[in-house]
Amino acid sequence: MINIKKFPNLILMLFFSLLTVTSCQKDDGPGGGGPEENIPDTFSEYFGNSVSRNFLGNVIDTNKNPIEGVTITIGNQTALTDNNGVFILNNATVNERFGYIKAEKTGYIHGSRSVVPSNGTNKVTIMLLETTVVGTVSSGTPETVTANDGSSVSFDGNFTKEDGSSYSGSVDVIMHHLDPADEDMPMQMPGMLYAENEEGAERMLQTLGMLAVELRGSGGEDLNLAEGSTSEIKIPVDASLMGIAPATIPLWYFDEVNGYWKEEGVATLQGNMYVGTVSHFSFWNCDIPAEAITLCVTVTDEDNNTLNNLYVTITSATFGTRGGYANDNGEVCGFVPSDESLVLNVYSYNVCGENALHTETVGPFSSDSSISVIVPDNPDIIQETVVGTFNTCDDNAVTDGYVQVTYGNQSFTDAVTDGTFEVNLLRCNENNEFTIKGSDYVNLQTTDSISYTFTTPFTDIGVITACNSITEFIQYTIDDGETAFFISDNITANFYTDSPNTNGPSLDIYGNGDGQTTCFYLFSRLDEASYEGTYDYLDWNDINDTGFNITECIGMADTNNNVIYNLTTLGDVGEYIDINFSGSYEDWNGGSHTINGTIHVLRDN
């Protein structure tokens with residue numbers, strides 16, 4: 001069985017495409033000789049009725065950096081990725097069992113993702129491959145182009161343009177081999193491992209390797225093989241797959257118009273290479289087919305609260321393992337083998353360890369199904385909810401944007417349509433810090449990336465504001481009232497390693513009023529061993545005490561002061577200081593209040 005690692009960086013693919021590891025024969029229909037299969041007249045009948053669904057995704061390069069300006073198409077709707085590589089398309093028309101997302105940008109080969117759409121926001125990640133020229137051939141001359149890994153394409157020298165006319169001149173060959181042993185392959189491959197076989201029946205696929213080939217003329221025009229011409233392709237088989245590689249295997253090409261694979265031809269195993277003949281170029285895929293149904297899994301805790309962003313896998317004794325991340329409704333959907341018992345595992349993030357949070361046996365399923373699984377409480381894994389308000393720079397609610405919460409090496413993106421957001425996730429017991437950043441699509445402005453500490457189990461970060469021209473700010477809210485806001489020119493932040501006034505390291509931050517309040521002043525005495533960390537109220541009369549105070553300007557009394565401060569970042573001069581605080585306190589008149597706030601300021605000395 002292939003060891004499929006959990007994907008570490010924002011891999012929000014909502015499908016299962018399980019790996020076949022037994023049958024090595026060409027697909028002869030259902031189960032290799034079982035009951036006669038009912039095949040529809042047209043393949044699209046498998047997809048079900050048209051439905052409206054929401055999509056949120058990100059596009060990255062092979063170094064996992066975001067790609068800006070990628071054109072995203074779902075049906076007749078389009079969008080562009082922003083500088084974070086993120087796109088949002090709401091109310092897109094797809095089908096109940098099939099949705100197709102295309103991603104295109106000059107300099108990259110065509111990318112895509114196909115999903116079984118769920119009712120919540122469908123989150124996807126697409127990794128685009130650069131149009132790297134592996135070799136150049138000339139028309140009229142038989143030549144072979146070979147990549148460093150041994151994959152190759154042979155040409156007879158006859159090429160055609162998109163309009164069908166013949167082409168004469170040099171031809172740049174762009175080629176990428178996609179290896180199933182590479183954990184990034186599911187993000188790189190087009191669509192999903194879902195196909196139409198030669199008889200017109202739907203199949204899920206096990207891939208033993210793919211080859212992407214695109215041809216460019218000297219003027220940059222797209223080319224293909226001339227009618228009647230063929231090419232021999234060679235696709236390496238990873239050593240870990242040689243034990244299951246059949247002597248012959250069906251070939252499948254990716255239909256870029258419709259978003260799924262189609263069977264066409266066979267390849268034979270020669271050494272560690274599958275060798276086949278093709279008559280046109282796209283992605284080509286060596287796969288073993290299997291019958292499948294769609295399965296939707298909803299993940300909840302013991303109190304029936306849905307759990308989001310967890311990694312869910314399905315393992316088959318005869319088909320191996322694949323998985324996907326639960327969406328904002330705790331649901332993940334995809335294709336699984338029919339009529340077989342399956343092992344379901346639910347994982348947290350790899351930053352929390354490799355062990356499954358929950359394991360159970362499900363199935364067999366003979367038709368499309370939906371199930372719920374309950375993840376038992378775990379003292380080492382903590383459920384968190386992060387909420388807040390996301391405003392424009394004019395202090396209005398953001399109506400078309402998103403926030404990203406980053407924890408460990410995972411990022412969780414939540415679409416914002418009414419100025420509010422809620423992000424649910426599980427975290428590890430030993431790691432309680434996260435960052436958040438917001439993007440306003442309408443005004444094309446963002447927040448900075450701001451550091452916070454969880455206030456388990458519910459973290460209300462208050463208001464974040466998309467004003468990317470503002471480099472630093474202080475903001476806080478008392479008793480759910482109007483938010484006080486101080487910006488760059490009115491803020492001073494000083495750090496002293498040994499201040500005589502505080503008898504040790506200290507931090508003073510103050511801001512002048514902006515019409516809402518007259519001032520803000522925070523002072524502290526920090527821990528000499530580790531400046532950053534969690535602090536409570538500072539007893540100024542105790543020279544050994546550490547903590548924070550914002551008594552002046554706000555009027556906090558010394559008694560019943562239960563405000564907690566999290567100093568998450570203390571940069572050098574010119575770098576950021578990040579503090580968030582929340583809790584309850586009494587004012588000088590004995591009145592009870594609550595407060596929460598955020599400080600994101602540049603250190604002055």
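# Close-up views of a predicted model

**View 1. Arg427 and Glu384, a charged pair inside the fold.** Arg427 and Glu384 are both buried. The structure is a predicted model. A salt bridge joins the two side chains, with 2.5 Å between the closest N and O atoms. Arg427 belongs to strand β32 (residues 420–428) and Glu384 to strand β29 (residues 381–392), so the bridge ties together parts that are 43 residues apart in sequence.

**View 2. Thr385 and its surroundings.** Thr385 is found in strand β29. With a relative accessibility of 15%, Thr385 counts as buried. Its side chain makes a polar contact of 2.8 Å with the side chain of Asn424. Leaving aside residues up to four places away in sequence, Thr385 touches Glu422, Val423, Asn424, Pro457, Phe458 and Thr459.

View 3. Side chains of opposite charge can pair when their charged atoms come close. Across the whole structure, seven salt bridges are found. One of them joins Lys64 to Asp184, at 3.1 Å from N to O. Lys64 sits in the loop between β1 (50–60) and β2 (71–74), and Asp184 in the loop between β13 (170–178) and α1 (185–188), so the pair ties together parts that are 120 residues apart in sequence. Lys64 is partly exposed, at 25% relative accessibility. Asp184 is buried, at 10%.

**View 4. Further salt bridges.** Lys262 and Asp255 meet through their side chains in a salt bridge of 3.0 Å, N to O. Asp255 is buried, with a relative accessibility of 10%. Elsewhere, a network of salt bridges links Arg97, Glu202 and Asp368.

**View 5. Strand β15, enclosed by the structure.** How many residues of strand β15 (residues 202–217) are buried? The count is 16 of the 16, so the strand is largely enclosed by the rest of the structure. β15 runs antiparallel to β13, and eight bridges join the two. His177 stands opposite Leu211 of β15. β15 also runs antiparallel to strand β21 (residues 283–290), again with eight bridges. There, Thr207 has Asp287 of β21 as its bridge partner.

**View 6. The hairpins of β15.** Strand β14 (residues 194–196) pairs with β15 in the antiparallel sense, over three bridges. Tyr194 has Met204 of β15 as its bridge partner. Five residues lie between β14 and β15 in this hairpin, and Gly200 in the turn has a positive phi of about 90°. β15 also pairs with strand β16 (residues 222–225), antiparallel, through two bridges. Arg216 has Asp222 of β16 as its bridge partner. The hairpin of β15 and β16 has four residues between the strands, and Gly220 in its turn has a positive phi of about 85°.

**View 7. The disulfide of Cys296 and Cys333.** Three disulfides are counted in the model. One of them joins Cys296 to Cys333, with an S to S distance of 2.1 Å. The link is right-handed, with 115° about the S-S bond. Cys296 is buried, with a relative accessible area of 14%. Cys333 is buried too, at 1%.

**View 8. The disulfide of Cys393 and Cys467.** These two cysteines are joined at an S to S distance of 1.9 Å. Their link is right-handed, with 120° about the S-S bond. Distant parts of the chain are linked here: Cys393 is in the loop between β29 and β30 (401–407), and Cys467 is in the loop between β36 (458–466) and β37 (473–478), 74 residues apart. Is Cys393 buried or partly exposed? Cys393 is partly exposed, with a relative accessible area of 35%. Cys467 is buried, at 6% relative accessibility.

**View 9. The disulfide of Cys519 and Cys553.** The sulfur atoms of Cys519 and Cys553 are 1.7 Å apart and form a disulfide. The torsion about their S-S bond is about -110°, so this disulfide is left-handed. Cys519 lies in strand β41 (residues 519–525) and Cys553 in helix α2 (residues 551–554), so the pair ties together parts that are 34 residues apart in sequence. Cys519 is partly exposed, with a relative accessible area of 24%. Cys553 is partly exposed as well, at 34% relative accessibility.

How values were computed. Residues are numbered from 1 along each chain as its sequence is written. This is a predicted model: local features need pLDDT of at least 70, side-chain atom pairs count only at pLDDT 80 or more; totals for chains, interfaces and linings use all residues. Side-chain values use heavy atoms; hydrogens and water are left out. A salt bridge is a side-chain nitrogen of Lys or Arg within 4 Å of a carboxyl oxygen of Asp or Glu. Buried means under 20% relative accessible area, exposed over 50%, partly exposed in between (1.4 Å probe, protein chains only). A polar contact is a pair of N or O atoms within 3.5 Å; within protein, one must be able to donate a hydrogen and the other to accept it, and residues adjacent in sequence count only if both atoms are side-chain atoms. Contact means heavy atoms within 4.5 Å. Two strands pair if DSSP finds at least two bridges between them. A disulfide is a pair of cysteine sulfur atoms within 2.5 Å.
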